Every structure is written in structure tokens, then in C-alpha cells.
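Look at the sequence and the structure first.

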Amino acid sequence: MVVEILSAVVVAGGAWLAASVRVVKQYERGLVFRFGRVRAKVREPGLAVLVPFMDRIQKVNMQIVTMPIPAQDGITRDNVTVRVDAVVYFKVIDPVVAAVNVQDYRSAVGQVAQTSLRSIIGKSELDDLLSNRERLNEGLELMIDSPALDWGIHIDRVEIKDVALPEAMKRSMSRQAEAERERRARVISADGELQASHKLAQAAATMADTPSALQLRLLETVVQVSSEKNSTLVLPFPVELLRFLDAQTPKPAPPEPPAEAKPEVNGHATPAPRAPGDAVLPD
């Protein structure tokens, strides 16, 4: 009889212990509802002792939740149809408010995130969606965080993952980028031609002052062409060499002018000097 009583007590104690003791993990917080009313004290990680048949515990995860936002179709402010998806990171900062004020805070955050994403698409231009995502992420985070604070939720960050464009828009953007690169190439080429023309003008002025510089440039061009060894080279005769030879060639002396008769001396004319071979006439 005593053994049966002890056995019954042990079984009852085990049942009471199983009904009254709960384990709260490190990343969780326990909310105790006594007769449907939440207790002000939140149970910390560890063992939580409850009153059997009176208390009910609800565990709230305090970890950061990663929730993908489904892709949303929208029209940007510059009338371009896009499809944008994003991801939101949030966590519970007040487990009591998150469990009492909203039925399902995960679903609520997801619906607000989708609505805010569609709104940010309509307020932005295509260039902002493609290149200025940091500012859009901040605006999207602020739009989601405003209602989430009343639910005991903190939005850690929001990021736009991808922006899908129609094929026609992709081709148009490709043509625009190609035209822009072509324009830059032409501008750079024209700028190079302009700079080269200035340098060539300076070189021409220098060669005009020093004619031998032109001949040296010609010889250098000949050397560059002859290094290829795949063409026939016709070397013109240097004009400067002709001028040099002409300057070094002795020129014949000019002929002497004929001698003039000297004036009369004492009434007689002085005969002009005779050249060798002249005939001598008698007086």
C-alpha cells in the first residue's frame, strides 16, 4: 500500500514538473499568459517555472529574420516598366508588443515591405534604381520601419536585389551606351588631331628656320621604312647636297674689260698697251 502511494506521488510529481517547467533557449524570450493575461515579466533564457493549468508560455524568437520581398512590377517616374525584388532584415525588440499588438508580425512586415517597394518604384527614376540604390534603400527602410515600431519590430536594413528591365529597354540602353562610347572616341580622336597639328606646326616652323632638319627627318623616315624589309625604297637625291656641291665648285674669273686710250700728253696721244700677237705698224 505504501509503495503504491509513493508511486502515485512520484508520478504526480513528474507530471506536475513536466507541466510546469519549460526551457527557454538563448535566442528566445518567454511570454507567460496566466488565464489569458500576459505577465509583465518576460522569462529570460533558461528554465521557466509555470503554474500548471494556469500559465501558458509563448516563445518569441529574437534573432534577425531575413525575409525576401517578392518581385514587384511597377512603372517608374519616367514611365519605364520594371520588376524589382528586395530583401528586408528585421528583428523583434519588444516581445510583448510583437506578440500582443499584431497577430503575425512576419506576415505584417512582408505586406508592408511589398507596398513600400511598389511605392518607392513609382517615386524613383530608372537611373536611380540602377545606380543610386543606397539612397533608395534608406528611403525604403524608413518607410517600412515607421509602422513596424508600433509592432515591437526594428528594421535592421533593406536592400534592393535586382531590377529587371524589358528586352526592348535593354536594347535601347545598349544602343545609347554604344553611341556614347562612339562620341567619346571621336572627341578623343579629334583632340589628338588638334594637338598633333599644333606640334606639326611647331616642327614645320623649326624646319623652315633650319633646312637641314628637314633632310635629317627624311633620312630618319627612310631608316624606319627600310627596317621593315618588305618594300622597295626609292631614295631621292638630297637637294641640300646639290647646294653644298654648288657652293664648293670654283667659279671662272670674269673677263677683263678692254683697255681705254690714255689722254694726250704734250699734244700726243699715249698709245694703249699692246697685247701679245698684235701687229706692229710702222710710223
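The points below cover the sheets, the helix packing and the salt bridges.

This is a predicted model, in which local features need pLDDT of at least 70, side-chain atom pairs count only at pLDDT 80 or more, and totals for chains, interfaces and linings use all residues. Residues are numbered from 1 along each chain as its sequence is written, and side-chain values use heavy atoms, with hydrogens and water left out. Helices (H or I, at least four residues) and strands (E, at least two) are DSSP runs, numbered from the N terminus.

- Strands of a sheet pair through backbone hydrogen bonds, either parallel or antiparallel.
- Two strands count as paired if DSSP finds at least two bridges between them.
- In this open sheet, 3 strands run in the order S6-S7-S8, and the pairing is antiparallel.
- S6 and S8 are the edge strands, each with a single partner strand, so one side of each has no neighbour in the sheet.
- On average, neighbouring strands of this sheet are turned by 25 degrees against each other, direction ignored.
- S6 (residues 65–75) and S7 (residues 81–92) are joined by 9 bridges in the antiparallel sense.
- Gln72 has Val84 in S7 as its bridge partner, and Asp73 has Arg83 in S7.
- The hairpin of S6 and S7 has 5 residues between the strands, and Asn79 there takes a positive phi near 65 degrees.
- S7 also pairs with S8 (residues 153–164), in the antiparallel sense, over 10 bridges.
- Lys91 has His154 in S8 as its bridge partner, and Val92 has Ile153 in S8.

**The sheet S3-S2-S5**

- A further open sheet of 3 strands has the order S3-S2-S5, with antiparallel pairing.
- Its edge strands are S3 and S5 (55–61), and each pairs on one side only.
- S2 and S5 share 7 bridges in the antiparallel sense.
- Leu31 stands opposite Gln58 in S5.

- Two packed helices are described by the angle between their axes and the distance between the axes.
- Axes are lines fitted to C-alpha atoms, for helices over the stretch in contact, and angles run from 0 to 180 degrees between N-to-C directions.
- H3 (residues 105–123) packs on H5 (residues 133–148) at an angle of about 140 degrees, with the axes 9 Å apart.
- That makes H3 oblique to H5 (angles under 35 degrees count as roughly parallel, over 145 as roughly antiparallel, 65 to 115 as roughly perpendicular and the rest as oblique).
- The contact (heavy atoms within 4.5 Å) includes Val112, Ala113 and Leu117 of H3 and Leu136, Leu140 and Ile144 of H5.
- By class, this contact of H3 with H5 has 9 nonpolar, 2 polar and no charged residues.
- Ala, Val, Leu, Ile, Met, Phe, Trp, Tyr, Cys and Pro count as nonpolar, Asp, Glu, Lys and Arg as charged, and the others, Gly among them, as polar.
- H3 also lies across S6, S7 and S8, running at about 35 degrees to S6.

**Helices H6 and H7**

- H6 (residues 167–209) and H7 (residues 211–226) pack at about 120 degrees, with their axes 4 Å apart.
- That makes H6 oblique to H7.
- Met207, Ala208 and Asp209 in H6 meet Pro211, Ala213, Leu214 and Arg217 in H7.
- The residues of this contact divide into 5 nonpolar, no polar and 2 charged.

**Salt bridges**

- A salt bridge is a side-chain nitrogen of Lys or Arg within 4 Å of a carboxyl oxygen of Asp or Glu.
- The count by this rule is 10 salt bridges.
- One of them joins Arg29 and Glu44, with the closest N and O atoms 3.5 Å apart.
- This pair links distant parts of the chain, 15 residues apart: Arg29 is in S2 (residues 28–34), and Glu44 is in the loop between S3 (37–38) and S4 (46–49).
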